[in-house]
Amino acid sequence: MVFSSLFFLCIFLPAALIVYNLSKNITYKNVVLLLFSLFFYAWGEPKWIIVMIITSLVDYAAGRLIDKNRGRAIAKFYMVLSIVITLGALVVFKYLNFFTHVINSVPFITLKETSISLPIGISFYTFQAMSYVIDVYRGEVQVQKKYYNLLLYISMFPQLIAGPIVRYSTISQQISSRGVTLEQFSDGITRFVSGLAKKVVLANYLGLLVDTTLKSDLNLISLLGAWTGLLAYFFQIYFDFSGYSDMAIGMGKMLGFKFEENFDYPYTAASITQFWRKWHISLGSFFRDYVYIPLGGNKKFQLRNMLVVWLLTGFWHGASWNFLIWGFYYFILLAFEKFVLKGKLESAPSFIGRIYTVFFVLIGWVFFYFDDVSKIPAAIKTLFGFSSNGSFGADAVVFKNNLILFAVCIVACLPVGRLVSNAGKRISQTVGGTIAVNFVTVFYQITLLFISVSCLVGSTYNPFLYFRF
Amino acid sequence: MTENNDDFFDDDFDFSMFEDEKGERENELRKEALKIEQRKNEKEKSIYSKMISFLSIFLCFGFLIFLFFLSVTDAEKTVSQSEKRTLASKPDFSLSELFSGRWATEYEDYYSDSFPMRDAFISFSKKIENVFTRFAGSKNNGVIVKIEKNEDDFAGEGITFKDKQTTSKKEQTTAGNITQKNSKNEKYADDKNAKIARSVLIVDNRAMEMFGYTESLLKNYAHMVNSVAGKLGNSAQVYSLVAPTSVEFYGTKEYRTGYHSQYDAINKLYSYMDSSVKTVNAYPELSAHSDDYIYFRTDHHWTARGAYYAYTAFCDLKHIAPRTLETYASHGKIPGDFLGTLYDLTKSDILAKNPDYVEYFCPEGVDGYIYDNAKMENPMSFLVVAKNTAASNKYLAFIAGDQPLEKIVTPNKNGKKIIVLKESYGNAFVPFLCNDYEEIYVVDPRKLTFDLKDFIMANSINDVLLINYAFAIGNTTYTDAVWEMIK
């Protein structure tokens with residue numbers, strides 16, 4: 001099930017919240033949330049729920065065993081074993097075919113490719129499960145003694161399929177005690193509908209624009225068409241991804257959880273280094289804490305450590321060469337900033353850094369978009385005017401027609417939300433101000449919700465366009 | 001000077017010296033009062049914000065739950081007129097379906113297809129899209145580009161459309177080499193087409209599909225036509241007619257030049273064809289009459305009048321005099337307005353306000369039969385022009401829409417027989433052939449396949465006409481279907 005579906009919005013979410021709030025008892029709440037989460041997962045992935053249950057069982061046992069044998073060498077063994085098993089599940093389901101393919105390119109070897117599909121959310125929940133075991137081993141969190149609570153942490157539906165990668169340390173306290181006030185709940189709604197609108201109003205629409213440009217025949221698109229498509233993709237991926245995170249954080253709030261932020265207006269970053277501190281923060285910090293620093297961090301073999309982290313980051317996004325290239329591309333950029341620019345960017349006027357960042361992030365999305373690597377050279381050629389398709393062609397109209405969309409997107413990328421909410425806080429110092437701000441909020445919520453539902457219904461409008469009568 | 005004065009008056013310390021304890025107490029009281037006031041204020045604020053938060057929760061979830069209850073009580077709709085497809089029906093429950101995850105997907109499809117007030121929500125969402133796409137440009141250049149769905153969107157659908165006008169299309173294999181194709185193939189066929197079509201352009205009150213070509217597509221299509229001619233040899237004469245579409249005559253300049261030019265595409269295409277293929281030059285005839293009502297404005301087809309001008313080009317090539325339109329005694333408009341496929345796609349208000357009408361020219365004394373098999377068993381009769389069709393898609397008036405195989409018998413006793421291989425562009429064209437042929441066979445290669453040469457020999461057919469509109473050039477499923485007939 002995805003959040004941006006009518007079934008989720010009108011049936012699952014209201015039902016879950018009603019049942020969840022029938023009692024104030026925390027055990028009741030946890031059990032209800034767990035059952036709904038399992039249903040949520042099983043709805044689209046009935047078979048592979050077993051993988052999630054088994055990995056969490058393994059990591060639960062590992063946590064208990066590590067805790068029991070604290071200080072002994074065997075504790076480390078349990079930790080490594082559980083990581084091998086958890087990561088093994090990820091490798092089997094996500095990367096096996098990729099490796100088979102690579103091995104098959106060696107002459108005389110032919111391995112059979114498997115036909116298993118990727119279980120939804122496996123990239124996220126395996127990472128969460130591993131972070132729990134490692135943190136228990138490091139003594140950074142208390143071991144969870146109740147299996148269903150650990151399963152709840154791993155399977156909790158707001159963050160299950162598209163992140164953020166919530167650390168156990170973030171919510172370990174909240175699992176055993178949490179509460180929601182009406183205001184917090186309403187804040188959660190605001191956050192949720194903002195994310196929903198990002199996803200279904202902006203990202204989905206941008207997706208169509210991307211398909212008509214980048215997805216069409218690359219031999220046909222002009223210079224302007226290619227940039228229009230790339231710009232659309234640049235916005236699409238941000239609104240899609242951060243929209244999901246917003247929805248997760250918002251629903252978390254409604255349920256009494258406080259997740260960490262996952263995006264911090266990344267497109268306003270003034271350097272690539274800064275961009276990665278603002279983009280998919282939970283993934284970056286995962287690799288920082290569990291790969292980069294254990295490898296030696298800045299202290300030894302920094303360049304190697306960076307290479308490893310960025311190749312892994314790329315590979316995490318998908319089992320395909322283009323994601324490895326994408327990761328490597330960021331390794332080059334970050335190494336360049338660290339060892340060549342050395343902070344010159346920070347001392348330059350910030351608009352230079354911002355333009356530089358947006359440009360290289362845009363180009364980066366080319367590698368991300370084309371999972372067929374053979375298409376990348378042609379795309380780059382078109383983008384830099386080395387193709388014979390002309391500069392404008394018919395795509396001038398496509399670009400012109402979407403100017404309003406792009407303007408909306410630019411505004412939505414800027415920290416407008418933060419500005420408005422700060423202004424709201426100032427205004428609500430008086431009673432009248434509070435009432436006004438609250439009413440504006442209600443209006444905002446119900447409007448965005450209505451628009452989002454319309455767009456969702458509208459997206460099911462599938463006229464059978466080319467039916468030849 | 002003034003500064004000193006201010007200092008003197010503002011000095012608190014001096015004051016307290018004189019006011020003493022009394023002032024201190026007053027100060028204290030004032031602070032206390034302020035605190036109480038503030039606390040009261042906070043309390044009031046908190047009450048209001050609690051109340052309004054409750055209101056927001058009530059409204060948002062009330063809205064969602066209200067929609068849910070509507071969907072429970074709503075009467076079920078099965079066919080969407082505007083989308084020309086059957087809506088998803090409630091999936092049958094079974095454990096195996098459940099475990100494969102299919103049941104859940106189908107249930108979600110069913111739920112969104114049967115969503116309450118679906119049409120109202122859809123039209124509202126179209127309005128939002130129009131906000132994005134309507135750039136406040138000059139009036140002359142009032143162009144809206146509407147982007148269509150891509151393959152992937154269709155791929156997950158799994159819904160097929162059943163044309164209720166036709167005979168029941170049983171998916172059965174009748175005899176040896178004859179297989180009936182289901183309509184799902186066609187869906188994919190046209191998606192490939194969509195890649196080339198890319199978008200719909202609206203200029204003034206006319207919607208048009210955008211056209212584009214590549215050399216390789218032209219060569220593929222020409223190769224297909226050449227192969228048909230090669231396979232048939234002397235047994236029949238092959239004619240190829242590729243019709244331009246409306247964007248060529250009414251689109252803005254940028255959509256008619258370069259790789260968008262249908263003039264270039266068709267001329268190049270014809271130049272790639274062997275001399276044994278006779279190419280019908282419909283373009284100049286249509287171009288000369290572009291002030292007439294030769295294309296629909298809300299549909300991707302040409303009108304009967306447009307098809308007529310292509311027919312005159314065909315007659316020129318055959319050195320016969322075309323029947324003039326004035327001689328059609330049965331000529332008129334099909335009752336009712338017509339909003340076609342491009343309206344369904346764009347839902348444009350401009351189009352809705354300016355609907356099309358369907359003009360017809362009906363040949364006299366002709367009989368038509370539909371078959372779902374190449375042995376021509378179980379015929380069903382049909383009207384070559386259904387002057388009073390009740391179908392919302394009025395283009396279906398011509399030769400009953402796309403049928404697997406049709407045979408039209410005319411009063412001419414000249415022994416001339418033709419087979420037409422076509423998609424829907426041929427539908428408006430075929431009735432004009434009744435003037436010159438004794439028997440006309442019409443086949444839609446996507447719906448029925450058989451050995452073309454055997455069929456031609458068996459029915460002693462003289463001419464073969466491959467008629468397509470320019471978009472079909474890139475429709476590999478269409479061309480593959482023709483290939484299938486000359487294997």
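A few conventions come first. The model is predicted, so local features need pLDDT of at least 70 and side-chain atom pairs count only at pLDDT 80 or more, while totals for chains, interfaces and linings use all residues. Residues are numbered from 1 along each chain as its sequence is written, chains are lettered from A and ligands numbered from 1 in the order in which they are written, and side-chain values use heavy atoms, with hydrogens and water left out.

## The two chains

Let's begin with secondary structure, where helices (H or I, at least four residues) and strands (E, at least two) are DSSP runs numbered from the N terminus. Chain A has 21 helices and 0 strands, whereas chain B has 17 helices and 17 strands.

How does the radius of gyration of chain A agree with that of a compact globule? The radius is taken over C-alpha atoms, and the globule rule is 2.2 Å times the number of residues to the power 0.38. For 469 residues a compact globule would come near 23 Å, and chain A, at 24 Å, agrees with that. Along the principal axes, the C-alpha atoms of chain A fill a box of roughly 70 × 70 × 65 Å.

Burial is judged by relative accessible area: buried is under 20%, exposed is over 50%, and partly exposed is in between (1.4 Å probe, protein chains only). By this scale, 57% of the 469 residues in chain A are buried, and 55% of the 487 residues of chain B are too.

For contacts (heavy atoms within 4.5 Å), the sequence separation can be followed in each chain. In chain A, 76% of the contacts between residues at least 6 apart in sequence join residues at least 24 apart. In chain B, residues 24 or more positions apart account for 74% of the contacts with a separation of 6 or more.

Accessible areas come from the Shrake-Rupley method with a 1.4 Å probe; for residues, only the protein chains shown count as cover. Chain A exposes about 19,400 Å², with 68% belonging to carbon and sulfur atoms. For chain B the accessible surface is about 22,600 Å², and carbon and sulfur atoms hold 53% of that.

## Charges and salt bridges

Lys and Arg count as positive and Asp and Glu as negative, with His and the chain ends not counted. Each charge is placed at NZ of Lys, CZ of Arg, CG of Asp or CD of Glu. Chain A carries 38 positive and 21 negative side chains, and the centres of the two sets lie 6 Å apart.

Side chains of opposite charge can pair when their charged atoms come close. A salt bridge here is a side-chain nitrogen of Lys or Arg within 4 Å of a carboxyl oxygen of Asp or Glu. Over all chains, the search finds 19 salt bridges, including these:

| Salt bridge | N to O distance |
|---|---|
| A:D67 and A:R70 | 3.5 Å |
| A:R191 and A:E261 | 2.8 Å |
| B:E364 and B:R323 | 3.0 Å |

Where do A:R191 and A:E261 sit in chain A? A:R191 is in helix α9 (residues 182-213) and A:E261 is in the loop between α10 (223-255) and α11 (272-278), so the pair links distant parts of the chain, 70 residues apart. A:R191 is partly exposed at 21%, as is A:E261 at 38%.

The chain B pair also links distant parts of its chain, 41 residues apart: B:E364 lies in the loop between β10 (356-361) and β11 (367-371), and B:R323 in the loop between α12 (304-318) and β9 (331-338). B:E364 is partly exposed at 38%, while B:R323 is buried at 19%. Back in chain A, salt bridges that share partners join A:R191, A:K198, A:D246 and A:E261 into one network.

## Two buried residues in chain A

A:E45 lies in the loop between α2 (26-44) and α3 (49-68). Is A:E45 buried or exposed? At 11% relative accessibility, A:E45 counts as buried. Leaving aside residues up to four places away in sequence, A:E45 touches A:L118, A:P119 and A:I120. A:E45 and A:M1 are 44 residues apart in sequence, with their C-alpha atoms 8.6 Å apart.

A:I122 belongs to helix α5 (residues 122-138) and counts as buried, with 1% relative accessibility. Not counting residues up to four places away, A:I122 touches A:V51, A:A89, A:L90 and A:F93. From A:I122 to A:W48 the C-alpha distance is 9.5 Å, across 74 residues of sequence.
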